[in-house]
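Please work through each task before reading its solution.

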Amino acid sequence: GLAGLVLCGVCAQLKGADALDREGKLRAAVRDGRGREDGSAFQAELFAGMTDRFDNPRGPNDWIASDPDVVADHASDPFNNLVNPPTTQLIHDFVELYRHIEADDWAGKVPVELPTYLIAGDRDPCCNYGEGLYRVANRLCETGHRRVEVRAYPGERHEIHNEPQLRGEVEKGSVDFIESVIGRRCDARQNTRGATGGRAASESG
């Protein structure tokens with residue numbers, strides 16, 4: 001199983017997704033057989049207001065990163081593209097996935113012994129500018145999770161792992177967490193083997 005969990009760019013309290021989920025329009029469209037239609041209008045609702053807190057945004061996707069090259073790279077990635085028109089089904093599936101991970105019982109399904117590291121930028125609208133990040137952390141703590149670490153990067157947006165000025169710091173934080181988790185697991189295994197070996201030696205003696 002997993003030794004630990006790192007969640008980067010945590011998505012919680014995403015206002016556009018919450019609104020679409022409440023209204024039920026997406027579910028109705030898919031139910032009526034319109035899933036393969038152009039979903040651009042739903043996409044616009046999903047990401048409405050994402051740059052409202054930024055001064056002089058260069059475009060609607062500036063919430064992704066402060067570095068324009070990172071935003072451009074994101075737009076050109078065929079697996080992560082917000083430029084080409086998505087289908088209604090795609091937007092529907094995104095909101096359904098979001099609804100699943102925002103459900104009240106989500107945290108209770110995560111093993112309590114699983115160390116978790118949550119990171120995001122505190123200017124990322126995907127996590128409601130940091131509030132959603134701490135909401136996820138609090139839910140895990142309230143459901144008995146023993147090790148939950150949180151880091152909100154001041155002034156940073158969504159793709160903190162790709163921002164040139166921040167990438168090294170984000171990578172180091174993640175690697176340090178992973179190494180601490182792996183180290184603890186290795187120590188526990190060694191202690192278990194040592195105790196087993198000691199019992200075996202005592203029994204054979």
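Axes are lines fitted to C-alpha atoms, for helices over the stretch in contact, and angles run from 0 to 180 degrees between N-to-C directions. Helices (H or I, at least four residues) and strands (E, at least two) are DSSP runs, numbered from the N terminus. The model is predicted, with local features requiring pLDDT of at least 70 and side-chain atom pairs pLDDT 80 or more, while totals for chains, interfaces and linings use all residues. Residues are numbered from 1 along each chain as its sequence is written, and side-chain values use heavy atoms, without hydrogens and water.

**Exercise 1.** Determine how the axes of helix α1 and helix α5 cross.

*Solution.* Step 1: the axes of α1 (residues 15–23) and α5 (residues 88–102) come within 10 Å and cross at roughly 100 degrees. Step 2: α1 is therefore roughly perpendicular to α5 (65 to 115 degrees). Step 3: the contact (heavy atoms within 4.5 Å) involves Ala 17, Asp 18, Leu 20 and Asp 21 of α1 with Val 95, Tyr 98 and Arg 99 of α5.

**Exercise 2.** State the order of the strands in the open sheet.

*Solution.* Step 1: the order is β1-β2-β3, with parallel pairing (at least two DSSP bridges between two strands). Step 2: β1 (5–8) and β3 (148–153) each have a single partner strand, so one side of each lacks a neighbour in the sheet. Step 3: β2 (residues 116–121) pairs with β3 over 6 bridges, and Tyr 117 has Glu 149 in β3 as its bridge partner.

Notes
Parallel < 35°, antiparallel > 145°, perpendicular 65-115°, else oblique.
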